[in-house]
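Below are my notes on the model, as numbered points. Please read them alongside the coordinates.

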Amino acid sequence: MKFFLVFLALCQLTPLLLFGQSAMIHIEGRQRISLNGLWHVIIDPFDAGSGDWAAYYKDRKPMTNTDFVESSFEEGQQLYVPGDFNSQLPELNYYESSIWYKRTFNIKETNTSRFFIHFAAVNYKAEVYLNGIKIGIHEGGFTPFQFEVTDHVRIGENSLIVKVNNQRIKDGIPGLGFDWFNYGGITRDVDLVQTPKTYIKDYFIQLAQNDENIIGGYVTLDGPSKEQEIKINIPELHVSFKTRTDKEGKVLLRFPLRKKTLWTPENPKLYEVHVSAETDRLKEQIGFRTIKVDGTNILLNGKSIFLKGINIHEEVPQRRSRAYSESDYKMLLDWAKELGCNYVRLVHYPHHEKMVKMAEKMGLMVWEELPIYQGIDFSDPSMKDKMNFMLKEMIARDKNRAAVIIWSLSNETYPSAERDSSLTALYHLTKSLDNTRLVTSAFNNMRFEENKAFIEDKVNGVMDVMAINQYLGWYKPWPETGQEVKWVSKFNKPLIFSEFGGEAVFGNNTDPKRASSWSEDYLVNIYQRQFNMFKNISFLRGVSPWLLVDFRSPGRAHPVYQKGWNRKGLLSERGEKKKVWYLVADYFKNLTSPEK
Ligand code: GCB
């Protein structure tokens, strides 16, 4: 029944032009031509190219003696895809406007296949043209989308033009203000994907929430031959299951999976799973585990766990750019492993699918988050559709990742009728799409009274896990009494301190007593006191310091200490370990799992 609801909710994933078409599952398993590499660009700070006169999307050339054209892709600049544009040319450092990208590709045959342009992410708005025809638009900087171009591709050369705009907007997700760098551009991979006429658009293959011996989920086909035999094989486990899709091309899955090794951080076992229809087949590495909450415990495969984590932005600080390659993700995740983490909070937006897959292989549980951040305008009528669509795109992409244990809906929003109802509705939508994971939202609005902190925001009570960002010792001084802070919760749920910490400049050892010295020793004091406080919180089930590495944030303006960087990293922007790094590593090493 539960999977039927999931299935119904997914049927509502109607492709809207505004948002692009929902992307197909498991892009890496497809026949595809990478469109990564150097693209020609026209930088368009005044949005001239959208007008009839300039019309960059027409890519016009002067043909007659009297023609002239004031733009040209081929004779201008080039930028790498994937990659943010800000870090690629000095004049684009703080650029927040439009850039038009162009590249060509060749096709040999169009009769037997369907063709899609798949974007792993474009920040923030994308407008896509193929051979002069507008194919569609997409809003949202961190999730994949695709456009079918079967009827628009031609044999020989094809011209693809994408207008990208990264202007911060009031009704965007995130909105106008956020504490990270607004890297714009075609920041993730682009592929031309070729599929059979009827192809496997989607599948969900995970252990059923209430029975770890059963696989639940579904398969969806797209194309003219909707009714087909479907086979799911897991060769290593000698599992072979057959079923048929219905007239809509859909089928629910339910079959036993008994003797298997469950995915855990200590042994992140993945199995090769084959999904075959009569006209298409895919294989993917999939892991199996359960994750649940029981009172104040978080249970992974039935065992109580403590989440030892770290917050990570998708940025390579040494290069001052968005992370875009496997080696970038490896650097970030290797640091997390070295610190002793068993979980990573990938903030504040869905990171690249490849990063999530890498974390899964490395045995890191993942908290994945939507960019519904601080100043979001919940009263804006367009917000509901945008939030819902982004949520669906995130879950659609990573629902088969055993490592993903938590969907986080938002970060630091404040009570109002609209906020409360929006997040509650989003929680229920999440559960209807995927009931195999925990759902949370991070809040920072506790009430302090002397040496007590009260968790009262009623939306905490809606979520499966309470997540609190608290900056005791930094934004909020420790209580004057010198006593430790006691945490009191209205809700009988596990608590994760999703953020805590403070700023320090690497190598600065000036004054351990003053926050404004930005010294490493002041930061050490904060962490020592935090760890002391944690000992007395019986329902604490996870912590993630803010954060792995110093990151760019133009709002961080102190001319001596910050210089456009948020300095709360355990590592400097050059990857040097601050003193707190060792403190956290030690704390994680000595932590034991809570008793169930
Ligand atoms: C927070 C936010 C995070 C900020 C951090 C800070 O509470 O969730 O995005 O970067 O504090 O450094 O202030």
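1. Helix α2 (residues 326-339) packs against helix α8 (residues 579-590) at an angle of about 60°, and their axes are 8 Å apart. Axes are lines fitted to C-alpha atoms, for helices over the stretch in contact, with angles from 0 to 180 degrees between N-to-C directions. Helices (H or I, at least four residues) and strands (E, at least two) are DSSP runs numbered from the N terminus.

2. The angle makes α2 oblique to α8 (under 35 degrees is roughly parallel, over 145 roughly antiparallel, 65 to 115 roughly perpendicular, the rest oblique). Trp335, Glu338 and Leu339 of α2 meet Trp581, Val584, Ala585 and Phe588 of α8, contact meaning heavy atoms within 4.5 Å.

3. This is a predicted model: local features need pLDDT of at least 70 and side-chain atom pairs pLDDT 80 or more, while totals for chains, interfaces and linings use all residues. Residues are numbered from 1 along each chain as its sequence is written, and side-chain values use heavy atoms, without hydrogens and water.

4. An open antiparallel sheet has 4 strands in the order β14-β13-β16-β17; strands pair if DSSP finds at least two bridges between them. β14 (239-244) and β17 (281-286) are the edge strands, each with a single partner, so one side of each lacks a neighbour in the sheet. Strands β13 (residues 229-234) and β16 (residues 271-276) pair over 3 bridges, and Ile232 has Val275 of β16 as its bridge partner.

5. In the largest nonpolar core, of 111 residues, Ile312, Trp487 and Phe497 touch the most other members. Such a core is a set of buried (under 20% relative accessible area, 1.4 Å probe, protein chains only) Ala, Val, Leu, Ile, Met, Phe, Trp, Tyr and Cys residues joined through side-chain atoms within 4.5 Å. Helix α7 (residues 520-534) gives the largest share, 8 residues.

Notes. Buried means under 20% relative accessible area, exposed over 50%, partly exposed in between (1.4 Å probe, protein chains only).
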